[in-house]
Structures are given as structure tokens and as C-alpha cells.
Amino acid sequence: MSYKSEFLNILNERGFIHQCSDFEALDAKLMGGPQSAYIGFDATAQSLHIGNLTGIMMLYWFQQTGHKPITLMGGGTSKIGDPSFKDEQRKLLDDETIETNIKHIQSTCFKQFLKYGEGKSDALMVNNNDWLDGLKYLDFLRDFGRHFTVNRMLSFDSVKTRLERESPLSLLEFNYMVMQGYDFLELHRRYGTILQMGGSDQWGNIINGVDLAHKSDRAQLFALTAPLLTTPDGAKMGKTVNGAVWLNAEMLSPYDYWQYWRNADDVMVGTLLRRFTVLPLDEIKKLEALKDSEINEAKKILAHEATKLCHGEQAALDAAETARQVFEQGGVGGDLPVVTIEGARLAAGISVLDLFVEAGLAASKGEARRLIQGGGAKLNDNKIESDAATASQADVTAEGHIKLSAGKKKHALVKAG
């Protein structure tokens, strides 16, 4: 499908479009001059992760095509937590934790992708706690609650899934979609925002804002969602055995970030290049057409471009050099994860099963045992033959560490503290 606006065409070509409340009207609106769009981000941790990266890239292309992106921090809604497709209620966070999380996210997760400032297309960051915290509950229910029907809210997949699983859905969580709908209206009133974007799992929450603005202010707002990315086996992208793939370098090193993309499944390369790099589409088509071992070169380019966007070009180059030393020369790169073990423990001898778990190379002793039995566990590049083996001070190399390897792609260094 072809659109008149550059923004929708880019999103369409790069695989970002799943659903829109009114393609034709939104396309026309975008052709009428610079517009404002937003995506909301809850502050439930000190970093965003690559599950948020689709939204960030949508805002990136919105700004690149001359429009104004808004990153809405959920300082208010984070007090509730989005219940969408969750099996249980989220742990409630206090104000101090939420504020700390927002400060970390502001400084580490957006500025690499978006330009903030006072210009027409410069990005703006706002906090929905600025308006939600001061709401008078009864007045709010009277003025806005009447525009939401329980019947409609129960029809959304996110709510139906929770109820079908017989998982409790609290009144507090049920209010989340009302709060998000009000956010859209408030941003329209304050900044003229016409568009909210997000993943396809957010459709119900986003469309609530579209409906509320129409009923309350007779305004036409728009919803646009992107398809959720899943691995070939159907799992949600962004999770590893060690947890989320964070965008904050203090929570996940640029090397590990680079390795995540380098280890992408072959069939995902084209999709990931379109969505998470800014390479020209002609170049992407050539890269995704590579076969067999040549696809590894495409994955190195994916890793470089994705890491460059998030952490800068030097970090991407350093990660690639570390990988080259480890994989091509059999050496030890300086950016590998480092785990410190008490000297007394190492002197007495520590089980390799415990060591692999503590180094984050195995999720459990059982997984470490299977890794050893399958021949994929190495200590200082030597295969570990028995799951009863131990590591000690005698295994520390001249460089002052023990190198652990899980297969060909995962490595860590152990040092005595």
C-alpha cells in the first residue's frame, strides 16, 4: 500500500504498521504540516529494553520526517502498572523509585535516538504525573468516567485473556486504560497531539483515547500500532536466559548488546535490519538475500548498526573488536562480562556448575550440567569433561582471570576478589 505522507510510507516499507484507526484521514493530516505524536513508557525499571525499541524507532522516523515526537513518561500510571496481557498484578512502586527510574531512563535511553529542544520537530519529554496526580477522583469520574463503558473495556483482548485465566484483575488495574485514554486527551489539549503509537498489544488502551477525545472534545485523534516481534519459535523478542536486553549500558554492556543482535536467528535478519537500523532498504535487501555462512556478515552489520544507534559508533566498534579477538583469534576481549569470586572460595575450589550459574552462562546447575554433557562448556578454551570438575586459583591465567565459555558465542571472565 502506498501513502502520500513520507512517515507512513517509511513505516510501511520497514514493517512497522499493524493497525490504524483511520489511515486515509491520518495520511491527510500528516500532509498538512508538522504534527505531534506520542508513545507512553512506564517507569517500572531504571532502563527501557528492546521491547520498547520498536516504539522508539517509530518516534525516530516521525522526527526524521519533520514531525514532533513526544516521549511520555508514566510517572502517574507507573503507580498502577499496565495490566495488559499480564497474569498477575504488578508490584506497586513508590514515588521515589518511580522518579529515580525516570531520571535514569531520561539520561540513557532516548537521547541517542531523538533530538530534544525547542524547535518545531524537536522531541519533548513529559510526565503524566503532572496532571494525573492532581485529579480530584469524583470530579474525574463525573467528567470522564461516563465516556467509558464496562462492556467495551471487557471486550478488549488484554482484559479477556486475564479473565479467561481466572487471574484477579483489580479495580486499580482496571483504571489503567482510563488513565491512558485521558493521557491522550490531555496531550491533545496541551500540545495539539493527534497520534498515539505503540505495539499491537496496546490497541485497546490507545483506542480508548481516540474515543474519549471524540466524545469529550469532538476531536479526531488517531491510533497506530506496530506488530509485535516474535522469534521463529513464537517467543517474544527481547528476553534471554539472563533477563531483559536493556538499553542502559550500566545494566547491559554494549558488548552483550552487540552479541544479542549478532546471535539473531538467520530468518529474522531482514526484519531486524528494517526495524532497528537506518540502513537504506536497497542495502537491506542485498544483506537479507545472503545464504549459508554469508548471512553471518549480515548479522555483524545488524549488530554494528543497532549498537551504534543505541550506544554510539565507538562502542559498536569496540564490541566488534572484542568479538573478533574471542571468536577469530581465540583470545580474550576486554569487554567480556566479568564476575568476581571471593579469593578464599577460589582457593578452596569451586564447582564449575556453580561458576557457570554465577557467571550468567547458565540459568541453573541443571542447565550447566547439560551444557557440559553436550560438550559445550569450556574453561580457558579447554572442554570441561565432567560436571564434578572444580575451578581453583591454579586455573587463573597470567592475565589474572579464568575464561568460561558456553558454546561458541557466550563467554565470561572470572576473577578473584
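**View 1. Salt bridge between D122 and K115.** D122 pairs with K115, the closest N and O atoms lying 2.9 Å apart. A salt bridge here is a side-chain nitrogen of Lys or Arg within 4 Å of a carboxyl oxygen of Asp or Glu. D122 is buried, at a relative accessible area of 9%. Buried means under 20% relative accessible area, exposed over 50%, and partly exposed in between (1.4 Å probe, protein chains only). The structure holds 12 salt bridges. This is a predicted model: local features need pLDDT of at least 70, side-chain atom pairs count only at pLDDT 80 or more, and totals for chains, interfaces and linings use all residues. Residues are numbered from 1 along each chain as its sequence is written, and side-chain values use heavy atoms, with hydrogens and water left out.

**View 2. Salt bridge between R345 and E358.** The N to O distance is 2.8 Å. R345 sits in helix α17 (residues 343-348) and E358 in helix α18 (residues 352-358), so the pair ties together parts 13 residues apart in sequence. Helices (H or I, at least four residues) and strands (E, at least two) are DSSP runs, numbered from the N terminus. R345 is partly exposed, at 33% relative accessible area. E358 is partly exposed too, at 35%.

**View 3. Salt bridge between R369 and D387.** Their side chains meet at 3.3 Å, N to O. R369 belongs to helix α19 (residues 365-373), while D387 is in the loop between β12 (382-383) and β13 (390-391), so the contact ties together parts 18 residues apart in sequence. R369 is partly exposed, with a relative accessible area of 32%. D387 is partly exposed at 25%.

**View 4. Aromatic pairs, including Y60 with W61.** Rings of Phe, Tyr and Trp (its six-membered ring) pair if their centres lie within 6.5 Å; planes under 30 degrees apart count as stacked, over 60 as edge-to-face and the rest as tilted. The count comes to eight aromatic pairs. Y60 and W61 are edge-to-face, 5.0 Å centre to centre, with 80° between the planes. Both are buried. Y260 and W261 also form an edge-to-face pair, at 5.3 Å and 85°. Y260 and W261 are buried. Ring pairs link Y257, Y260, W261 and F276 into a cluster.

**View 5. Open sheet of six strands.** The order is β1-β6-β5-β2-β3-β4, with mixed pairing. Two strands pair if DSSP finds at least two bridges between them. β1 (19-20) and β4 (124-127) stand at the edges with a single partner strand each, so one side of each lacks a neighbour in the sheet. β5 (residues 195-199) and β6 (residues 222-226) run parallel over five bridges.
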